[in-house]
Amino acid sequence: MATPLPAGLNAGTYALDSSHSQAAFTVRHAGISKVRGTLAITAGTITVGDDLESTSVTAELDAASVSTGDANRDNHLRSADFWDAENKPTWSFASTSISGDGDDFVVAGDLTINGVTKPVELETEFAGTATDPFGNARAGFEATTEISRKEFGLTWNAALETGGVLVGDKIKIALDVSAIKQG
């Protein structure tokens, strides 16, 4: 049986608004604190079908756009030690299924980071719709997931004298997305 769309979300094609969308991440540093950063979502499409099962999502992120508040750390993340942004500048996501009920659902799909593709599940919340001052119909979404950076080939690390390592393996990802209905 088909799962209805969240109330207020209408079928159609929505383009991700890169100026009002962002991907954020959090990772443990030295086992005692967290480093937070952001990446730009540069393109994407949400194709909303007549129900959740016929809906799909694609997105692209710019690996070089990383911002953690520290230029040296950002440059290290862009380097071949981590993301190799010069040779692998784009991260991507393509949904494989969407399931759930009401405003909360799971978007399963393939995430590609650093040239490695792995399945992920995004716990997603529909934040509603609005018409902006320019007459654009918008839809908003928030999504979270957690990945192992090692599974994506991101293995650089440094041992600490007190034991443990400098960079944690688990990365929490949070997305805030605004999309504009096309045509």
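Q: What makes leucine 122 count as buried, and where is leucine 122 found?
A: Leucine 122 is found in strand 7. Buried means under 20% relative accessible area, exposed means over 50%, and partly exposed is in between, with a 1.4 Å probe and protein chains only. Leucine 122 has 9% relative accessibility, so the label is buried.

Q: How should I read the numbering and the values here?
A: This is a predicted model, in which local features need pLDDT of at least 70 and side-chain atom pairs count only at pLDDT 80 or more, while totals for chains, interfaces and linings use all residues. Residues are numbered from 1 along each chain as its sequence is written, and side-chain values use heavy atoms, with hydrogens and water left out.

Q: Why does the radius of gyration of the protein chain agree with that of a compact globule?
A: The radius is taken over C-alpha atoms, and the globule rule is 2.2 Å times the number of residues to the power 0.38. For 183 residues the rule gives a value near 16 Å; the protein chain has 18 Å, so the two agree. Along the principal axes, the C-alpha atoms fill a box of roughly 55 × 35 × 30 Å. Buried residues make up 40% of the 183 residues.

Q: What makes the contact of arginine 138 with aspartate 17 a salt bridge?
A: A salt bridge is a side-chain nitrogen of Lys or Arg within 4 Å of a carboxyl oxygen of Asp or Glu. Here the closest N and O atoms are 2.8 Å apart, so the pair meets that cut-off. Arginine 138 lies in strand 8 (residues 137-148) and aspartate 17 in the loop between strand 1 (12-16) and strand 2 (22-29), so the pair ties together parts that are 121 residues apart in sequence. Both residues are buried.

Q: How many salt bridges does the structure hold, and which residues do they join into one network?
A: There are two salt bridges. Besides the one with aspartate 17, arginine 138 forms a salt bridge with aspartate 132, where the closest N and O atoms are 2.9 Å apart. Arginine 138 has a relative accessible area of 16% and is therefore buried; aspartate 132, at 12%, counts as buried too. Because salt bridges that share partners are joined, Asp17, Asp132 and Arg138 form one network.

Q: Why is aspartate 101 called exposed?
A: Aspartate 101 has 61% relative accessibility, so the label is exposed. This residue lies in strand 5 (residues 90-101).

Q: Why is serine 79 called partly exposed?
A: Its relative accessibility is 22%, so serine 79 counts as partly exposed. Serine 79 sits in the loop between helix 1 (71-78) and strand 5. From glycine 12, serine 79 is 67 residues away in sequence and 39 Å away in space, C-alpha to C-alpha.

Q: What makes the phi of aspartate 84 worth a look?
A: Most residues other than glycine have a negative phi. Aspartate 84 is not a glycine, yet its phi is positive, near 50°. Aspartate 84 is found in the loop between helix 1 and strand 5, and a relative accessible area of 15% makes this residue buried.

Q: What is the phi of asparagine 114, and is asparagine 114 buried or exposed?
A: Asparagine 114 has a positive phi of about 60° and is not a glycine either. The residue lies in the loop between strand 6 (104-113) and strand 7. With a relative accessible area of 10%, asparagine 114 is buried.

Key
Helices (H or I, at least four residues) and strands (E, at least two) are DSSP runs, numbered from the N terminus.
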